[in-house]
Amino acid sequence: MEDISILAIETSCDETAAAVVKNGRDVVSQALYTQIEIHKEYGGVVPEIASRNHVKKLPHVVEAAAHDAGGFEQIDAIAVTNGPGLVGALLTGVSYAKGLAYTLKKPLIPVHHIAGHICANYISHPELEPPFLCLVASGGHTQIVWAKDYTEYETLGRTRDDAAGEAIDKVARVLGLPYPGGPNLQELAKHGDETKYKFPHSFRGETHLDFSFSGLKTAVINLLHKFDQQGQTYRKEDVAASFLKNVADTLVKNTFEAAHRTGAHALAVAGGVSANEQIRGAFGKRAREEGVSLYFPEPQYCTDNAVMIASCAYYEFLKGTRGGLELNARPVMEL
Ligand code: KG4
Ligand code: ZN
């Protein structure tokens, strides 16, 4: 089969990213402009500011990725994340990708952001093939997905309120850590005692595979309020470690329960939260105990990037998925 190189664009949140990937697996080039420093000032992503910066940076990021891949003539198709995500941010990428595909007379391929996160594992693990089970845990989503095939997914469980990353960022914020909360909380937790505080686990004894993180988040906030009111001293490190242990335990419990039910022998984890060292450790320990093959993307492909979108687009391309000039951004979109 002839080689297919796809240039993908990702602008669903606060990373402005473009990448070229060959045959869904080989990274040819990538460029990423992170807006973290801009949003830090506000303690979180400001959607309008994210959109404006995508508009400003996207042409440069796309040019850089195309240049490093040997020019636009080396590209067979243009892919873009069209949902889910921040609508204004998505629109900047979708509009740019449509213009590019039209000008270059190349096919346009819309990609689901969550499917992209799952496909990040194909980049880091050339031997991985569906079917496998995948936990996607990010700032906007937490769901357990049965990846039946390269383009066919079934969601077995999902959060009913906060995403894991959302709860992590919130707890980091109340602990006074700067944005982005996740990586900073991880570092703090390394110096803490994870057994110090017992926070509640949601849906104990229930048979479904859904998650809930808002109760846990509130329990942490209430504890910190209590300490402050009573003038009680505490170590932030211990709170961070105990909280992350709770999140990790819940993610591990439901994901391995799903693995038992589906009979999956291969298990992947993806999304920004899968970069977390404590969570990776908890999954690793359980996978060894159960003799299950475990896959994580390399940390740079856990958080939002265009490489994962280009990987996903390759399989959609082979299936015949195409977007026209009517393609629109879809802030909410089922997998
Ligand atoms: O996948 P992602 O980059 O964007 C979304 O699609 O939402 O995920 C971002 C989330 C944020 O909540 C961020 O704090 C979290 O992933 N995150 C982490 C780590 N790196 C990113 N959480 C814990 N530990 C980390 N090392
Ligand atoms: Zn994401």
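Modeller: The expected span of a helix is 1.5 Å times one less than its number of residues; helices here are DSSP runs (H or I, at least four residues) numbered from the N terminus. Residues are numbered from 1 along each chain as its sequence is written, while chains are lettered from A and ligands numbered from 1 in the order written. The model is predicted: local features need pLDDT of at least 70 and side-chain atom pairs pLDDT 80 or more, but totals for chains, interfaces and linings use all residues.

Colleague: How far apart are the end C-alpha atoms of α7?

Modeller: Helix α7 covers residues 214–229, which is 16 residues. At 1.5 Å a residue it should span 22 Å, and the distance between its end C-alpha atoms agrees: 22 Å.

Colleague: Within what arc do the buried residues of α7 fall?

Modeller: Buried means 20 or more other C-beta atoms, placed from the backbone, within 10 Å of a residue's own; exposed means 12 or fewer, and partly exposed is in between. In α7, Leu216, Lys217 and Val220 are buried. They line one face of the helix, because the directions from the axis to their C-beta atoms fall within an arc of 105°.

Colleague: Is His117 buried or exposed?

Modeller: His117 lies in helix α4. It has 30 C-beta neighbours inside 10 Å, so His117 counts as buried.

Note on methods:
Helix = DSSP H or I, 4+ residues; strand = E, 2+ residues; numbered from the N terminus.
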